[in-house]
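Have the sequence and coordinates open as you read.

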Amino acid sequence: MNLSQDELRSMYRTMVSIRNFEETVKQAFAKGHIPGFVHLYVGEEAIATGVCTALRASDTITSTHRGHGHCIAKGCDMNSMMAEIYGKATGLCKGKGGSMHIADVGKGMLGANGIVGGGPPLACGAGLTSVVTGSGDVCACFFGDGACEQGTFHESANLAAIWNLPVIFVAENNGYAQSTPATYHCAIENIAERAASYGIPGAVVDGSDVFAVHEAAVEAVKRARAGQGPSLLECKTYRHHGHFEGDQQTYKDDLYKSVSQGKDSIRDFRALVTQHGWFTAEELDAIDREAEQAVEEALAFAESSPVPQVEEVTSDVYVSYP
Ligand SMILES: Cc1ncc(C[n+]2csc(CCOP(=O)(O)OP(=O)(O)O)c2C)c(N)n1
Ligand SMILES: [Mg+2]
């Protein structure tokens, strides 16, 4: 494996931070402290982590309505993220975006997106910017299996292919689009096979294996950076919670529930790195505690922050012309 001790540590910290952040959001939402909807990323941590550790700081990502994990993996500050989810003035978008519209352009996080399939066209824009400016940056575009059925995905994949854009399309196939099973909404088993119709490489990986995701992402990033165009990476995954918080999940079949319960990227990571002697369980426990503390601080920051002033309601919303 071609990963340094520091990279492995950072991967683990990212995965446990996402898990912790999401479980904390879940509790805060249940207490009625968070306005709007939240869609949790628990179970899918290895995808954002494996892909983002293959990127450099100036690279960009586009995200989805299930975007907290993407933000954390791209280095967004958890205090400002939590404040945004709480709708507070100290949030990344000054509390006006909420969970589904967190963006941090300075970190290359171009935005979570409430529009299913909204990300792929933006990723083409980021890819075209890279080509025009010659920056060499790539854009990783995360989207769900449901978004794969949107025209925006097909148009974007085709456009990225004909313009040879440095985009990595990352399909997070968690088996459901809301309550609709992928076996119903998709005519083929592997979304990655669609890559052939755009003339680009496609690969299927186990989305709970952070190393497999990372390796596939490194390959796709290398191609994109070398001017060889886009790739499609399908990560098979499971969402452990409901589509949104409050979802009764009556549509999940027993097979999905049992396979899903058996998948845990964090547990598998711990087993592998301790078996190889790369880390001790105590070292990993210490990272767990650091992550827990950082999330507790984020929660306290969000809860003690002020709500936006009424006078601010239209600022940063409309573009002003001179
Ligand atoms: C254009 C559009 N159509 C429908 C919706 C309603 N909607 C929100 S999430 C969702 C399912 C998305 O499924 P998928 O892309 O697989 O992502 P997942 O929730 O599984 O991560 C739907 C249909 C929407 N937000 N935008
Ligand atoms: Mg899905």
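This is a predicted model: local features need pLDDT of at least 70, side-chain atom pairs count only at pLDDT 80 or more; totals for chains, interfaces and linings use all residues.

Q: How many of the eight residues of helix H2 (residues 45–52) are buried?
A: A residue counts as buried with 20 or more other C-beta atoms within 10 Å of its own. In H2 the residues that pass include Glu-45, Thr-49 and Cys-52. The helix is largely enclosed by the rest of the structure, because the number buried is eight of the eight.

Q: Which helices are among those that cover the buried residues of H4?
A: Helix H4 spans residues 78–85, and eight of its eight residues are buried, so the rest of the structure largely encloses it. The buried set includes Asn-79, Ser-80 and Glu-84 as well as Met-78, Met-81 and Met-82. What covers them includes H1, H3 (68–73) and H12 (281–304).

Q: Which residue with a positive phi follows H4?
A: The phi in question is near 75 degrees. The residue that follows H4 with this value is Gly-87.

Q: Is Lys-94 buried, partly exposed or exposed?
A: Lys-94 sits in the loop between H4 and helix H5 (119–133). Its phi is near 60 degrees, a positive value in a residue other than glycine. Most residues other than glycine have a negative phi. With 19 other C-beta atoms within 10 Å, Lys-94 is partly exposed.

Q: Is Asp-316 buried or exposed?
A: Asp-316 lies in the segment after H12. Its phi is positive too, near 65 degrees. Asp-316 has 11, so it is exposed.

Q: Which residues of strand E3 lie on the side with Val-170?
A: Strand E3 covers residues 167–173, and seven of its seven residues are buried, so it is largely enclosed by the rest of the structure. Both faces are covered. Val-167, Phe-169, Ala-171 and Asn-173 take one side. With Val-170 on the other are Ile-168 and Glu-172.

Q: In E3, what is the bridge partner of Phe-143?
A: Strand E2 (residues 139–144) runs parallel to E3, and six bridges join them. E2, helix H6 (residues 151–162) and E3 form a right-handed β-α-β unit. The E3 partner of Phe-143 is Ala-171.

Q: In E7, what is the bridge partner of Asn-173?
A: E3 also pairs with E7. The two strands are parallel and joined by six bridges. The E7 partner of Asn-173 is Lys-236.

Q: Through which helix does the chain cross from E6 to E7?
A: Strands E6 (residues 202–206) and E7 (residues 231–236) are parallel, with five bridges between them. Val-205 stands opposite Cys-235 in E7. The β-α-β crossover is right-handed, and its helix, residues 210–225, is H9.

Q: How many polar residues are in the shell around ligand 1?
A: The ligand is surrounded by 16 residues. The closest are Val-116, Gly-144, Gly-146, Ala-147 and Ala-177. The shell has five nonpolar and two charged residues, and its polar residues number nine.

Terms used
Residues are numbered from 1 along each chain as its sequence is written. Chains are lettered from A and ligands numbered from 1 in the order in which they are written. A residue is near a molecule or strand if its C-beta atom, placed from the backbone, lies within 6 Å of it. Ala, Val, Leu, Ile, Met, Phe, Trp, Tyr, Cys and Pro count as nonpolar, Asp, Glu, Lys and Arg as charged, and the others, Gly among them, as polar. Two strands pair if DSSP finds at least two bridges between them. Helices (H or I, at least four residues) and strands (E, at least two) are DSSP runs, numbered from the N terminus. A crossover is right-handed if, with the strands pointing away from the viewer, the path from the first strand over the helix to the second runs clockwise. A residue is buried if 20 or more other C-beta atoms lie within 10 Å of its own, exposed if 12 or fewer, and partly exposed in between; C-beta atoms are placed from the backbone. Two residues are in contact if their C-beta atoms, placed from the backbone, lie within 7 Å.
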